[in-house]
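Here is a short briefing on how two parts of one chain meet. Look at the structure first, then read the points below.

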Amino acid sequence: MRALLCKQFGPPETLVVEDIAAPEIGPDDVRIDVQAAAVNFPDSLIIENKYQTKPELPFSPGGELAGVVSAVGDNVNHVAVGDDVIAFTTYGAFAEQVAAPADRVIPMPAGVDHVTASAFVMTYGTTYHALADRAALQSGESLLVLGASGGVGLAAIEIGKALGAHVIAAASSEDKLAVCREHGADETINYGEEDLKTAIKDRTGGRGVDVVYDPVGGPATEAALRGTAWRGRLLVIGFASGEIPKPPLNLALLKGCSIVGVFWGSFVKREPEASRKQLTQLFTWLGEGRLRPHVSATYPLARGGEAITLLASRRASGKVVIKPQD
């Protein structure tokens, strides 16, 4: 089979496509013919040895995929050969085939195509866990979404609206904000042109926002923290800016607010039953049309490095997907 390989740690342009042996499976594994694999921010980190998971070289990046089951281990009974499935692999998905532990494989919802399915669970799972679980976002509260035109940002807008929040989307250009409005944002902030802290106060009548969803990091984090309301919650999702912020903790004291970490991958491993319940809610909303995953670009395997670069440079709206079979 063909795979996009990281043979030495470095930027996306160092990745190569080569033929390698098809993966073998054990009694608790599932082999999948990959039809679509979504690009996520950790893919840009893992190939540079900057992620908490550090696979041995060579390896294929890619942690989220949708495809068709081609073989199952003796102990696997919840999926069968020929089934459409979604799987989470941490790495290895940017290949024509992948072997995944059975507990990381779930049946694909009816009526969903492979591209959409590959781009759904990690993004929306992270976001639902963040907003509904970690922040306990309530109907009528205000939600500020930073980096709002990205994959998790658009998911936050949609889930925030589904939970009844007033959603303020912040992004760096009017084109990106137009996408945010299409996905339900009530108000927008162009932080390429406006001071973020001042704009938050303007949009909330000086009160501040109840919840901040922050996948960006960098200077925006402190500005958003300063713009939180009393008992506000700032959700730490990631650091797409490349800078891990160090906000002054006296702000948390003075505002009585919380800085809350969100690590969906660890949540899934530690609390699998709670994770399954959250996914059931998400699949219900997806079937009802309340969630609309936005895939802005698809790439063949040979151009997988370009796909990772597009996402890492924060030039993509929504999700970017690699199609290994093309």
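Buried area is the accessible area, taken with a 1.4 Å probe, that two parts lose on being put together, summed over both. The model discussed here is predicted. Between domain 1 and domain 2, about 710 Å² is buried. Carbon and sulfur atoms give 55% of that area.

**Domain layout**
- Domain 1 covers 2-119 + 294-323, and domain 2 covers 135-261.
- The C-alpha centres of domain 1 and domain 2 are 30 Å apart.

**The interface**
- On the domain 1 side, 7 residues are in contact with 12 residues of domain 2.
- Phe 41, His 294 and Arg 314 lose the most area in domain 1 to domain 2.
- Together, Phe 41, His 294 and Arg 314 make up 64% of what the domain 1 side buries.
- There are 0 salt bridges between domain 1 and domain 2.
- Polar contact across the interface comes to 2 residue pairs.

**His 183**
- His 183 sits in the loop that runs between helix H5 (174-182) and strand E10 (187-190).
- His 183 counts as buried because its relative accessibility is 8%, and the cut-off is under 20%.
- The His 183 side chain makes a polar contact with the side chain of Glu 158, at 2.5 Å.
- Leaving aside neighbours within four places in sequence, His 183 is in contact with Leu 154, Ile 157, Glu 158, Arg 292 and His 294.

Definitions and conventions
Residues are numbered from 1 along each chain as its sequence is written. This is a predicted model: local features need pLDDT of at least 70, side-chain atom pairs count only at pLDDT 80 or more; totals for chains, interfaces and linings use all residues. Side-chain values use heavy atoms; hydrogens and water are left out. Domain bounds come from an automatic or database domain assignment. Contact means heavy atoms within 4.5 Å. A salt bridge is a side-chain nitrogen of Lys or Arg within 4 Å of a carboxyl oxygen of Asp or Glu. A polar contact is a pair of N or O atoms within 3.5 Å; within protein, one must be able to donate a hydrogen and the other to accept it, and residues adjacent in sequence count only if both atoms are side-chain atoms. Helices (H or I, at least four residues) and strands (E, at least two) are DSSP runs, numbered from the N terminus. Buried means under 20% relative accessible area, exposed over 50%, partly exposed in between (1.4 Å probe, protein chains only).
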